[in-house]
Amino acid sequence: MRNVRLLFTTVLIVTLVGCGGTEEDFELATAEQAMSGVRPPPKGLNGTVPSCFWAHGTQQALRDLGRSALVEGGGFLPDIPLSQVSAQCRHVLRSAVECALSPAQSVLDPVTGEIYKGWWGLAPTWTSGVLNTPGRRYVTACMVQRLNYYGTSVPILLEGATSTIAREPAFDEQYSIKESTVFGDLFSSPTPLLGILPAFNVFVCWESLLPQSCGLLGLPLLEKRICDDVPLCGLIPVGPCALSCVQDGPYWKCRPHLLAEPWTETVRVKLEKATCQ
């Protein structure tokens with residue numbers, strides 16, 4: 001596995017301004033996404049901080065949320081104390097809501113009083129029941145594709161084999177850079193949240209060599225974007241998508257292990273050509 005990760009970090013390069021984010025950047029990303037006329041879904045912005053996402057307290061909160069309806073009486077999110085997910089890391093909860101719910105849906109955080117509005121609509125029925133298997137996989141992949149450490153939040157386009165992020169050829173010219181495809185399921189992970197064990201494994205294949213698309217200006221690695229050197233990171237690179245997965249129309253279906261059936265619930269992220277400039 002060490003050799004695979006070394007090969008991954010040697011080959012896969014991501015654009016400098018497309019690989020970063022802070023809490024302030026994420027607040028801006030959320031505000032800009034609310035202007036649906038400017039950048040409607042499946043377009044959006046990244047910006048989730050990896051250290052907050054991979055923290056065991058955050059991962060336990062997400063697992064707990066997935067086992068029941070996301071919305072309790074009065075439109076409230078279940079109570080998650082600040083001792084478990086700090087004020088600085090609540091944007092991860094917001095990201096889960098934005099990935100799962102549609103723009104017409106929202107929930108209220110009873111601890112902070114913040115309203116989290118939906119965006120990509122990958123699991124809209126989560127408001128009234130347990131998060132189902134496709135929802136768990138799509139929301140996980142969406143959240144991982146929004147992780148971003150360096151620089152500022154940048155425009156992204158998500159694509160996958162579900163209606164709300166289905167490929168739209170009209171966006172191909174603007175979002176011409178295919179970065180990666182992700183698959184995983186953080187919500188049903190059996191891994192104990194102890195020590196330095198990653199909470200779950202997320203599998204990533206790369207779509208193309210970004211230096212060829214970005215004029216050799218892409219410097220930071222995708223591994224840095226997703227993990228930020230966090231020891232709890234569960235990233236498992238699986239190589240080029242064309243060699244590691246199976247074509248599923250314009251998307252990929254991929255196996256989390258050799259004996260598994262291929263998952264169709266994968267999410268690709270694409271970047272604007274302007275990101276490289």
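This report walks through a few local features of a predicted model.

## Ground rules

Since the model is predicted, local features need pLDDT of at least 70 and side-chain atom pairs count only at pLDDT 80 or more, while totals for chains, interfaces and linings use all residues. Numbering starts from 1 along each chain as its sequence is written, and side-chain values use heavy atoms, with hydrogens and water left out.

## Around Gln105

Gln105 sits in the loop between helix H5 (91-100) and strand E2 (106-108); helices (H or I, at least four residues) and strands (E, at least two) are DSSP runs, numbered from the N terminus. Leaving aside residues up to four places away in sequence, Gln105 touches Tyr116, Lys117, Gly118, Pro124 and Thr127 (contact means heavy atoms within 4.5 Å).

With Gly118, the C-alpha to C-alpha distance is 5.5 Å, across 13 residues of sequence. As for Pro124, its backbone oxygen lies 3.1 Å from a polar atom of the Gln105 side chain.

## H4 against H5

Helix H4 (residues 56-66) packs with H5 at an angle of about 35 degrees, the axes being 10 Å apart. Axes here are lines fitted to C-alpha atoms, for helices over the stretch in contact, and angles run from 0 to 180 degrees between N-to-C directions. The crossing is right-handed, that is, the near helix is turned clockwise from the far one by less than a right angle.

Thr58, Leu62 and Leu65 on the H4 side meet Val92, Leu93 and Ala96 of H5. By class, that makes five nonpolar, one polar and no charged residues.

Most residues other than glycine have a negative phi, and most peptide bonds are trans. Two spots here go the other way. The bond from Pro41 to Pro42 is cis, with omega near 10 degrees, and Pro42 belongs to the loop between helix H2 (23-33) and strand E1 (43-45).

Asp228 isn't a glycine, yet has a positive phi of about 50 degrees. You'll find Asp228 in the loop between helix H8 (222-227) and strand E7 (235-240).

Note on methods. Polar contact = N/O pair within 3.5 Å; in protein donor to acceptor, adjacent residues only side chain to side chain. Nonpolar A, V, L, I, M, F, W, Y, C, P; charged D, E, K, R; others polar.
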